[in-house]
Amino acid sequence: MKRILSQCRKELAQFRRDRLSLALAFLLPIMTLIIFGFVIRLESKNIPLFIQDFDNSPLSRAYIERLFATNQFEPIHHFKFPLFNSTNKSQAEISNPQEAIDKGLAKAAVIIPPDFSRRIKSDLSTDVQVLVDGTDVNNARIIKNSIQATTIFFLRDSGLQSSFNKIVAHIRLWFNPGRKESLYIVPGLYAVILWIYPSLLTAVAMVREKDKGTILQVYASSLTAEELLLGKGLAYLLIGISEALLITVMSAIIWRLSLAVEPTPLLLGTLIFIIDSVMFGLLIGVRVNNQNSAVQAVALVGFLTALLLSGFIYPLSNIPFPLSLVSAIIPARYYIEITRDAYVRGTGWTGVWFAIIMLIILGFLLFNAARRILKRMQLSD
């Protein structure tokens with residue numbers, strides 16, 4: 001135990017003297033939290049919508065107002081746009097919705113026919129043409145569904161619907177009634193940040209021993225592989241806990257996140273997850289031979305899997321086979337379940353006990369793999 005504590009104190013002393021490591025441990029996690037927390041948005045807003053109203057009646061104008069009342073669209077009417085040719089520069093007014101979409105100035109266009117009001121008042125159906133930019137498939141689906149739902153609501157609200165549905169669904173958002181995206185994005189960011197930076201710091205510290213040649217003294221000493229790994233791991237576990245406290249406080253201040261359940265599952269899950277992250281860094285550190293390789297390995301294996309295969313952005317059910325099998329061994333996947341339960345769902349132990357068990361199993365496997373590799377490298381007595 002004394003050797004483990006001595007190794008831990010040595011690592012912490014080196015860490016305090018390294019400004020780059022300090023920035024990597026505390027400055028970059030804050031920057032990552034702020035950038036990802038504000039930039040990633042899953043709900044489309046302020047979609048530029050081109051309106052061409054050939055009817056120009058009170059009913060058509062009311063329909064247009066209802067479209068923009070959703071706060072999803074912003075109006076793009078007839079406007080001037082700079083056109084260039086080989087001889088001179090001129091200004092031309094764009095009144096064609098197709099041209100507005102082709103030039104990327106509008107993501108959708110609604111064309112209201114001249115007989116819109118007359119046909120509706122005569123209890124006849126009328127066609128409203130909607131053009132949608134399908135470059136972004138997800139955005140196109142949102143635009144289509146929003147315009148369809150708004151049109152149905154407008155007809156019912158105006159008393160123009162000739163027949164009513166016999167089944168009306170009254171929908172209630174159960175866990176996040178305010179539809180705050182920060183409640184979904186920021187707890188998921190905890191997993192990405194606490195997986196990348198503690199593991200990166202640990203891997204670089206382990207490889208630095210090889211670069212400086214001090215690892216040879218360890219190999220020739222009586223210090224066992226387990227003591228070396230536990231000593232370094234304990235130091236960066238403490239650093240990882242400091243990072244976790246930092247991003248938790250920052251999230252509470254910036255996004256005003258608060259727990260939906262008692263914090264014990266989150267505290268225990270965070271501790272185990274940081275241990276997994278440190279063990280992953282130790283495994284990378286004993287496997288590669290220089291710091292560049294360590295950084296690339298953590299970025300490629302750690303960051304991409306935590307970002308794409310953990311359910312942080314995309315649902316796990318959308319991951320195709322056989323990548324779905326890989327996601328089953330990604331620790332960030334299980335920690336995201338814990339954080340989102342703590343901040344959104346609030347089910348407590350009954351909802352996250354399996355995730356905590358999986359984190360314990362994966363941490364043990366990572367440590368055992370690093371121990372076996374390091375033990376083969378050491379000189380036998």
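**View 1. Glu227 and Arg3 meet in a salt bridge, with their closest N and O atoms 3.4 Å apart.** A salt bridge here is a side-chain nitrogen of Lys or Arg within 4 Å of a carboxyl oxygen of Asp or Glu. Glu227 lies in helix H9 and Arg3 in helix H1 (residues 2–17), so this pair ties together parts that are 224 residues apart in sequence. Helices (H or I, at least four residues) and strands (E, at least two) are DSSP runs, numbered from the N terminus. Glu227 is buried at 18% relative accessible area, while Arg3 is partly exposed at 40%. For these words, buried means under 20% relative accessible area, exposed over 50%, and partly exposed in between (1.4 Å probe, protein chains only). Please keep in mind that this is a predicted model: local features need pLDDT of at least 70, side-chain atom pairs count only at pLDDT 80 or more, and totals for chains, interfaces and linings use all residues. Residues are numbered from 1 along each chain as its sequence is written, and side-chain values use heavy atoms, leaving out hydrogens and water.

**View 2. Lys10, Glu11 and Lys232 are linked in a network of salt bridges.** Within it, the closest N and O atoms of Lys10 and Glu11 are 3.8 Å apart. Glu11 is buried, with a relative accessible area of 2%, whereas Lys10 counts as partly exposed at 30%. The whole structure holds seven salt bridges.

**View 3. Strand S1 (residues 47–53) pairs with S2 and with S5.** Six of the seven residues of S1 are buried, so the strand is largely enclosed by the rest of the structure. S1 and S2 (residues 73–76) run parallel over four bridges; strands pair if DSSP finds at least two bridges between them. Leu49 stands opposite Pro75 in S2. From S1 the chain crosses through helix H3 (residues 58–68) to S2 in a right-handed β-α-β crossover, meaning that, with the strands pointing away from the viewer, the path from the first strand over the helix to the second runs clockwise. Five bridges join S1 to the parallel strand S5 (residues 108–112), where Asp53 has Ile112 as its bridge partner.

**View 4. A nonpolar surface patch of about 860 Å² includes Leu27, Phe38 and Ile254.** Patch members have over 30% relative accessible area and no salt bridge, with nonpolar side chains (Val, Leu, Ile, Met, Phe, Trp, Tyr) joined within 5 Å; areas come from the Shrake-Rupley method with a 1.4 Å probe. Helix H2 gives the most, with seven residues. Ile253, also in the patch, is found in helix H9 and is exposed at 56% relative accessible area.

Terms used:
Patch = residues over 30% accessible without salt bridge, like charges linked within 9 Å, V, L, I, M, F, W, Y side chains within 5 Å.
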